[in-house]
Amino acid sequence: MKLLCVQSQEHPELPLAELKAVMECENIDAKINCVTEGLVILENISRDKIYEYYEILTKRLGYTHEIHELIFKTNVDDLPKDSQAVDWSDYIDETFAVRVKRIHSEINTVGYERKLGTLILDNCDNIKVNLTKPETLIRVVAFKNELYVAIERFKLNKKHFVESKPHKRPFFYPGSMNPKLARCMVNLSRIKPGELLLDPFCGTGGILIEAGLIGCKVVGSDIYWKMKNGTAINLDYYGITDYRTFHLDVRELKMYKKVSSVVTDPPYGISTSTGDVDGEEIFKEFFHAIYDNMKDDAYLCMASPHYVDLKPMVDEVGFVIVEQYGIKMHRSLTRIISVIRKK
Ligand SMILES: C[S@@+](CC[C@H](N)C(=O)[O-])C[C@H]1O[C@@H](n2cnc3c(N)ncnc32)[C@H](O)[C@@H]1O
């Protein structure tokens, strides 16, 4: 069986990297077929696992907009023939709607919604179209002249990423990370629900909120009381209960327990204070402080500005950089997202 993922195109690599990381840590066994940027098909999924995988991916992913169970793949010419071969009563009980989404395609979306809707109605008794509140959504993704016809079983919580923007939280401070990127970084760290994740520069708690929402235990620390307390206020607001926060300089970090992941956005530039530490020095000190607090197979996912060369620092401590992605912020700043682990 197959799952069809419609991904964000706001970054050329991160959505796919996030998907691969979640598949790896959740042991999702499927072949990845990347049709084009924004459209990925997960193939060869066993029948008894597909809904379990579907649910996990729906709950975790930040840069994926929609996930559907693929019914069949066709093209504009073969749609009538191929749709007639489907027993639609297996998919639709009472009401349905067809919605078409185009990716590098010129087809007439409304025309194809009507066309497939009519073909389904002709083929199946006792069902009706309901465009406002359909029980079943048939999603067609058109790529060039190819049509991927699928059914939505679980919805991603897209609202969350809009409603939990930093300025909408009870505690706000400039320099907070956008929730989608925070979720993606949590996922890149290969953490599993129930495991312990640490952010030692927690600020307003943006990363910890995302980790808490996918079921991780979280620990946050910050050099400023105000931030430590603000993080707790924000975590409470999102109903996250399994957390601890500490008022602590990262250089004094001594965890009560080794962590499974570290995900963090260390201070740099003008908008965040580095306490009394100078520019790049904070990165070096951070790597030294964090090493012994991580389990041997733990991953670290962090953001840094392009002008800080992490390589010699991680080499010195005994870490290795596994993946890196650049996000252009403006003309003179690219943010680098690095996935790092112990050698
Ligand atoms: C870029 S902000 C983190 C933002 C956070 N990801 C969020 O979403 O709000 C960096 C944080 O590191 C804290 N910080 C600076 N120097 C520190 C140090 N030496 N030890 C611990 N925290 C420090 C700052 O107070 C700031 O809150």
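Mentor: The model is predicted: local features need pLDDT of at least 70 and side-chain atom pairs pLDDT 80 or more, while totals for chains, interfaces and linings use all residues. Residues are numbered from 1 along each chain as its sequence is written.

Trainee: Which element gives the most to the side of domain 1 that touches domain 2?

Mentor: The contact draws 15 residues from domain 1 and twelve residues from domain 2, where two residues are in contact if their C-beta atoms, placed from the backbone, lie within 7 Å. On the domain 1 side, α1 (14-25) and α2 (50-60) are the elements that give two or more residues; elements are DSSP runs numbered from the N terminus, helices being H or I with at least four residues and strands E with at least two. The one that gives the most, with seven residues, is α1.

Trainee: And how many charged residues does that side of domain 1 have?

Mentor: Sort by class: Ala, Val, Leu, Ile, Met, Phe, Trp, Tyr, Cys and Pro count as nonpolar, Asp, Glu, Lys and Arg as charged, and the others, Gly among them, as polar. The side of domain 1 that touches domain 2 has seven nonpolar and two polar residues, and its charged residues number six.

Trainee: Which strands stand at the edges of the sheet of eight strands?

Mentor: That open sheet has mixed pairing and runs β2-β3-β1-β4-β8-β7-β5-β6; two strands pair if DSSP finds at least two bridges between them. An edge strand here has a single partner strand, so one side of it is left without a neighbour in the sheet, and that goes for β2 (31-36) and β6 (128-129).

Trainee: Which residue in β3 is the bridge partner of Thr 36?

Mentor: β2 pairs with β3 (residues 39-43) in the antiparallel sense over five bridges. They form a hairpin with two residues between them, and Gly 38 in the turn has a positive phi of about 100°. Lys 31 stands opposite Glu 43, while the partner of Thr 36 is Leu 39.

Trainee: What about Leu 3, which residue stands opposite it in β3?

Mentor: Here the other strand is β1, which pairs with β3 in the antiparallel sense over four bridges. Opposite Leu 3 you'll find Leu 42.

Trainee: What does the packing angle make α6 relative to α7?

Mentor: α6 (residues 179-188) and α7 (residues 206-213) have axes 8 Å apart and pack at about 60°. Axes are lines fitted to C-alpha atoms, for helices over the stretch in contact, with angles from 0 to 180 degrees between N-to-C directions. Angles under 35 degrees count as roughly parallel, over 145 as roughly antiparallel, 65 to 115 as roughly perpendicular and the rest as oblique. That angle therefore makes α6, relative to α7, oblique.

Trainee: Is the crossing of α1 and α6 left-handed or right-handed?

Mentor: α1 and α6 pack at about 40°, with axes 8 Å apart. A crossing is left-handed if the near helix is turned anticlockwise from the far one by less than a right angle, and right-handed if clockwise. α6 passes α7 in a right-handed crossing, but the crossing of α1 and α6 is left-handed.

Trainee: Which residues of α6 make the contact with α1?

Mentor: From α1 come Leu 14, Ala 17, Glu 18, Ala 21 and Val 22. From α6 come Cys 184, Asn 187 and Leu 188.

Trainee: Over to the sheet of seven strands: what does the twist average from one strand to the next?

Mentor: This one is also open with mixed pairing, in the order β11-β10-β9-β12-β13-β15-β14. Its edge strands, β11 (243-247) and β14 (319-330), each pair on one side only. From one strand to the next, the twist averages 15°.

Trainee: Last one: which residue in β13 stands opposite Val 259?

Mentor: Strands β12 (residues 259-264) and β13 (residues 294-305) run parallel, joined by five bridges. Opposite Val 259 stands Met 294.
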